[in-house]
Amino acid sequence: MPYQLSRLGGTLVIGDINGDRNDDVFFGGAAGQSGQLYLGNDDGTLTKVEQQAWEQDLAQEDVAALFFDANGDGHLDLYVVSGGNEKPKRSFYYQDRLYINDGRGEFVKAEQSHPNTMFSGGVVTAADYDNDGDLDLFIGGRHTPHNYPFIPKSVLLRNDTQNGIVKFVDTREKTIESIGMVTDAVWIDIDVDSWLDLILVGEWMPVTVLKNKNGNFQNITEQLGLEKSSGWWSSIVSHDFDGDGDVDFILGNSGINTQLMASEDEPMTYYVQDINKDGKFDPILSYYIQGESYPLPSRDELLGQVNSLRKEYTTYDTYAKATIKKILRAGNVSSSSILEINSLKSSYLENTGKGKFELWPLPEMAQLSMINGFVFDDFTGDGSKNILAAGNFYPYKVSLGKSDASLGTLLNFKDKKMSIDENNAKL
């Protein structure tokens, strides 16, 4: 595997939970560690809140969280997504949690509020997708535990709360259930028809647009010209960046400061097959070097897993010259599925206004590392907004090394182009 799936935890979410107009912060906990809530004070400091409802759930890993009003009482409740890779799939360890706020900042766990979400999640976002006046939830599956890179489950939960009794129902929306390894999502009405559409990004999947038609969803990714936009996407932010009246997006990707490479003509590829006939799948990541696709695993790694190839590749030299297709032929297997990545560059996704989108790579300084988040604000005090890109990714396997070259990148947007802000060196 390319990275440690058990190290995706760590999240925080901000909101005013007690109505004092200060920002309060919930920090999600790692496996075996309870989440922590801090209340904001008038002087800008934070005070830790003791003994809250999530302490009973410290065994689970909090990978995403959301403050939103679940029951319509005007107070922010807390939804926490469980994830990780420690337990087998469909374990209760991955069940998400909803905590209801009494309005004073005290939370109680809503035990029977939502259906089975026992998959390793990655993101949660709320919107009134069915226009009935309450907030519904999309929970994106991050990966399938012990079965990377198989596609996990994702769900759309409809809010059926009545008379103060919180209830979310799984819509079993087929367009959403097996959409991919989702890392981020935004709700936005891209065609201005008063129905919120869902835009998703993730690993080994294209920028995916799900069109909302009166509460039902249709995948229109190909219609918008995005079928070749598959990436190692990590984040997405929406805004009319070019000021032409429609919504554009900025997308975080893994960056190009690693040994991995990908393009539309020479994609990075995951071949999934049972190469040693033991009933378990052996996915092999490959990428192009000088016009040929080679496996990422070293000889020791691959032959340690697939003992039957030892007779074929007796030396490091013969293995180093073997393309991925030659190795699969030597194993006498055909792949049950093939995943591709066409770009590793963080990008600006322009809405052309003609029913199509076009990807533009961000400047080179924004490609030094994975970008996990963006903030759009006036950071320089000149009256115009900048884009702050922040990232880094530590869990890569040792042979790839940590992706830790970013100190944050400040970007300007002018004349439909992204450029490095002159204040970037001060970050």
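Is Y319 buried or exposed? Y319 is buried, with a relative accessible area of 7%; buried here means under 20% relative accessible area, exposed over 50%, and partly exposed in between, using a 1.4 Å probe and protein chains only.

## Before we start

What you're looking at is a predicted model, where local features need pLDDT of at least 70, side-chain atom pairs count only at pLDDT 80 or more, and totals for chains, interfaces and linings use all residues. Residues are numbered from 1 along each chain as its sequence is written, and side-chain values use heavy atoms, with hydrogens and water left out.

## Rings that pair up

Back to Y319: its ring partner is Y313, and the two are edge-to-face, 5.9 Å centre to centre with 90° between the planes. Y313 is buried too, at a relative accessible area of 6%. The structure holds 24 aromatic pairs. To count, rings of Phe, Tyr and Trp (its six-membered ring) need centres within 6.5 Å; planes under 30 degrees apart are stacked, over 60 edge-to-face, and the rest tilted.

Another of these pairs is W54 with F107: the ring centres are 5.4 Å apart and the planes sit at 55°, so this one is tilted. W54 is in the loop between β4 (46–49) and β5 (61–68), while F107 is in strand β8 (residues 107–109), so the pair ties together parts that are 53 residues apart in sequence. W54 is buried at 3% relative accessible area, and F107 counts as buried at 6%. Elsewhere, ring pairs link Y3, Y148, W204, W232, Y270, F393 and Y396 into a cluster.

## The nonpolar cores

Y148, W204 and W232 turn up again in the largest nonpolar core, which has 19 residues; together with L260, M268 and L285, they touch the most other members. Such a core is a set of buried Ala, Val, Leu, Ile, Met, Phe, Trp, Tyr and Cys residues joined through side-chain atoms within 4.5 Å. Strands β20 (268–272), β21 (284–289) and β23 (337–341) each supply at least two residues of this core. (Strands are DSSP runs of E, at least two residues long, and helices are runs of H or I, at least four, numbered from the N terminus.)

Take L260 as an example: skipping residues up to four places away in sequence, L260 touches W232, M268, L285, Y287, L296, L344 and L400. Contact means heavy atoms within 4.5 Å. There's also a second, separate core of 18 residues, including V63, A64, I100 and V166.

Two strands pair if DSSP finds at least two bridges between them. Five bridges join β20 to β23, and M268 has I341 as its bridge partner in β23.

## Two buried loop residues

Q273 lies in the loop between β20 and β21 and is buried, with a relative accessible area of 1%. A polar atom of the Q273 side chain lies 3.0 Å from the backbone oxygen of Y271. Beyond four places in sequence, the contacts of Q273 include K280, F281, L328 and V333.

S369 sits in the loop between β25 (357–361) and β26 (371–377). S369 is also buried, at 2%, and among its contacts beyond four places in sequence are N253, N392, F393 and D404.

Terms used. Polar contact = N/O pair within 3.5 Å; in protein donor to acceptor, adjacent residues only side chain to side chain.
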